[in-house]
Amino acid sequence: MTTLRSFATTTARVLVLLAIAIAMLAVLLMATGHEVIPALSAMVRGAFGSYYAITSATIVRMVPLALAGLAVSVAFRAGILNIGAEGQLLVGAAAATAMSGTLGGVPWFIGIPVMLGAGAIAGGAWAAIAGALRLRFGVLEVISTIMLNFVAQYLTGWLVRGPLQEPTRVNPQSVTLAPELQMPVLLEGTRLHAGVLLVVMVAIAVWWWLRRTASGFRLRAVGATPTAAASAGGIDVPRTMFGAFLVSGLLAGLAGSVEYTGITYALYENFSPGYGYTAIAVALLARLHPLGVVATALLFGALEAGANAMQRDAGVPNVVVSVVEALLILLVLAADRWRPSRAAETGT
Amino acid sequence: MVTTAPTGAVLLSLDGITHTFGRMRALDGASLQVRAGSVHALLGENGAGKTTLMRVVFGLLRAQQGEMHWRGAPITMRSPSDALAHGIGMVHQHFTLVPSMTVAENIALGGHGGFDPQQTADRVRHVAARAGLVLDPTACVQDLPVGAQQRCEIVKALARDVTLLILDEPTAVLAPTEATELLRWMRGYADAGNAVVLITHKLRDALAVADDITVLHRGRTVLTTPARDTDQGRVATAMLGGATVRTAEVRPDSDTRDTAHAALSVGPPDAVATARPIVLALDAVSVRDAAGVDRVRSATLQVRAGEIVGIGAVEGAGQHELLRVLAGRRSPTAGRRVIPERVGFVPEDRHRDALLLDAPLFENTALQGAGARRGVVDWNAFRARTAAVLHRFDVRASGPDAVARTLSGGNQQKLVLGRELEAAGEALVVENPSRGLDFVATDAVHRALREARNAGMAVVVYSSDLDEVVLLADRVFAMHNGTLLESAKDRDALGRAMLSGAAVVSADMPAGIDA
């Protein structure tokens, strides 16, 4: 396979499209009466302008986006439109928070894996609800996962005002995670935590699984042509799909628990700024390639870090970056459509 | 029934049409002239460029070189709607209908303005009646047998007032009676002053119905002649690119089969087969579908190692369900079944049931047995296995890494058959093995099936083409209305057995052959 070459051409294309998207952003800024150069330079500074910006803003945002992006990729590869990474991420964070209360005096190398595991299992269980609805009752996962996102969001809101609220009962949030149970910081003086290494390992593992293992191949076959997978491959399609729901939810739940143990150290109401939704864009932009997801998550991390800086330093509302992200997705989808058909003669 | 060729004016003229897909030259200066009032057969082997040329005419592809004239004026078709506006319609080999919609709704698609079900239905009824086609506008397309779906496609084109109708392999999916019906209809349609381009592999169809014949070979026009001035031998020679055709070698085409029968009677004697062990066995097996209809009714069948059992049936007689039960793809609702653990299966719809079109060939090879595989997949082993299949079954592809979609239908079929034969130990079930294949590819497929039989495999073949059933099989069965009956190994006997049942089918099932 020409994996490397296709990876390179994809990267090149994403960069070209990014340039187009930024040009469109410039036009948008002009149209809304902002000064283009200061705004864009604030954005670039916010994302890459300093050691701190790169490590503590851009890369740190990449972590949950990449894990949730992997969750979306796995589901989409199996032909499952899991829009519920956001909800699975939230229940993952909530489960990790709940677990942290039972870990007093436990060393970090046991406590952290326990919290991450609890988050992953909770995320998987949350996705399994949608999976069961789909496979047992034919409820479309697009609908059920969106609904479950709302449930997870309000569940979090209730938890931080009820069972998981900090003991003083003043703020709607959980108690801060004990320092010895926080994810180790990799570089002194930054927010860069060990979750980055985890992301890289998980991405490679997912890539290897989909590409090299029998069960990963089954998942891809079911996503490509379920009828052929069943007829020619003897593949148990519902079972494979349920497995994809589980793994997808597991990865999203992991994203939530990594964010909790690595960055926020507490659960609160707006715990996720829509990471689970942005993850869909991250996965699509990477064309569902697990390693590509890490790269596009970094790009989106940079865009979001830059957006905040642009708002702070140039007074441009950070939502304009959402416009750029959306444009980027549309451009990628359009570019895919434009590709000349590789299909030779299909008739005769 | 070669009719005297009318001397109609030239309606469509193509000259020097060239089109390349990547490095592959699909059309290389092809030319074609279609006269008003004529049926024009466009012949050629797999990948000769027939469909590609007609896609250019229909505006689906833009020729890179060459000229096209329509009613004497130069023209370039920009899109199918452009072609329809000029009065050119096309019925594709793979239908383009929305299964969940009614016939009327499908025909109204692509029209303009409002949609009035009643009015559209009336119009469909009118168009169909004028064209002499039986079609219920209120029927849901997914409930229709394939012949009626095809009539729906034709009426869809006719509703747009086309004068040139392109039909791509229209008889490939039809039972013999339906095919005859369609050919007769084509003749009448052309006689009314219209024109038909018939893309086909079937020489007999072409010679029976066409006024003119054009043969393509490797994207070039190699023969243009009035049908009455030629014969099967000459056309076959042209299709093979001018090579001398020794009839014994080209025999398995459905059209030259009659002459081939003598040569084939040298196959393994039937007596030998009875001494061999039974591999596939059904005892009073029934299959009830989701709607509660018995598709297979108490079928009993024993297939021994080293024999080919052929099944003839009209569409909807339960043959597809029976084959899937034999292949282990479906469980019987009643009765006993004894089959080996792994039975090779070549389904008729390879795009839906056999291939991952956007995956490389080696992954398609690996699909067989994927359900039970464990651990890490050794892709290089599958590449090697795929390369062996490509070589052994003469699949024309750039290699194991080629994407399945880029192969022509015949090569896709050979890949599927090769894969199933390599993997299946004792038994193989094949559904319409030569659907959409030219006679060279058909020959290769038939030879592979016979080799499998001679190597001791139990083979079951269903084909909508009775000639093919009789030609391949050692024993034949007719299926009608879910019942399986052994028949004499004779085309007429089999056809009668199958059709006498068909009368029963249409009596209590409106979706019979003439729905």
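**Core, strands and contacts**

Modeller: This is a predicted model. Start with Leu67(A): beyond its neighbours within four places in sequence, Leu67(A) is in contact with Val199(A), Val202(A), Leu251(A), Leu254(A), Ala255(A) and Val258(A).

Biologist: Which residues have the most contacts inside the largest nonpolar core?

Modeller: They are Ala66(A), Leu67(A), Ala68(A), Ala71(A), Leu198(B) and Val460(B), in a core of 262 residues. Helix H3 of chain A, residues 51-77, gives the most to this core, with 14 residues. In soluble globular proteins, nonpolar side chains tend to be buried together.

Biologist: Leu198(B) is on that list. Are the residues on the faces of E8(B) buried or exposed?

Modeller: Buried, on both faces. Ala195(B), Val197(B) and Ile199(B) lie on one side, and Val196(B), Leu198(B) and Thr200(B) on the other. With 6 of its 6 residues buried, strand E8 of chain B (residues 195-200) is therefore largely enclosed by the rest of the structure.

Biologist: And which strand does E8(B) pair with over 5 bridges?

Modeller: Strand E3 of chain B, residues 39-43, is joined to E8(B) by 5 bridges, and they run parallel. There, Val39(B) has Val196(B) as its bridge partner. Strand E7 of chain B, residues 164-168, also pairs with E8(B) in the parallel sense, over 5 bridges.

Biologist: What do E7(B), helix H6 and E8(B) make?

Modeller: A right-handed β-α-β unit, in which helix H6 of chain B covers residues 176-191.

Biologist: New topic. What is the order of the strands in the open sheet of 6?

Modeller: In chain B the order is E15-E16-E17-E13-E18-E19, with mixed pairing. Strands E15 (343-346) and E19 (483-487) of chain B are at the edges with a single partner strand each, so one side of each has no neighbour in the sheet. Neighbouring strands are turned by 20 degrees against each other on average, direction ignored.

Biologist: How do E13 and E18 pair?

Modeller: In the parallel sense, over 5 bridges. Ile311(B) stands opposite Phe477(B) in E18(B).

Biologist: Which helix lies across E15 and E16?

Modeller: Helix H16 of chain B, residues 409-423, and it runs at about 175 degrees to E15(B).

Biologist: Last one. How many residues of chain B are in contact with chain A?

Modeller: 39 residues of chain B, in contact with 23 residues of chain A. H1(B) gives the most to that side of chain B, with 3 residues. By class, that side has 17 nonpolar, 12 polar and 10 charged residues.

Terms used:
Residues are numbered from 1 along each chain as its sequence is written. Chains are lettered from A and ligands numbered from 1 in the order in which they are written. This is a predicted model: local features need pLDDT of at least 70, side-chain atom pairs count only at pLDDT 80 or more; totals for chains, interfaces and linings use all residues. Two residues are in contact if their C-beta atoms, placed from the backbone, lie within 7 Å. Helices (H or I, at least four residues) and strands (E, at least two) are DSSP runs, numbered from the N terminus. Ala, Val, Leu, Ile, Met, Phe, Trp, Tyr, Cys and Pro count as nonpolar, Asp, Glu, Lys and Arg as charged, and the others, Gly among them, as polar. Two strands pair if DSSP finds at least two bridges between them. Axes are lines fitted to C-alpha atoms, for helices over the stretch in contact, and angles run from 0 to 180 degrees between N-to-C directions. A nonpolar core is a set of buried Ala, Val, Leu, Ile, Met, Phe, Trp, Tyr and Cys residues joined through C-beta atoms within 7 Å. A residue is buried if 20 or more other C-beta atoms lie within 10 Å of its own, exposed if 12 or fewer, and partly exposed in between; C-beta atoms are placed from the backbone. A crossover is right-handed if, with the strands pointing away from the viewer, the path from the first strand over the helix to the second runs clockwise.
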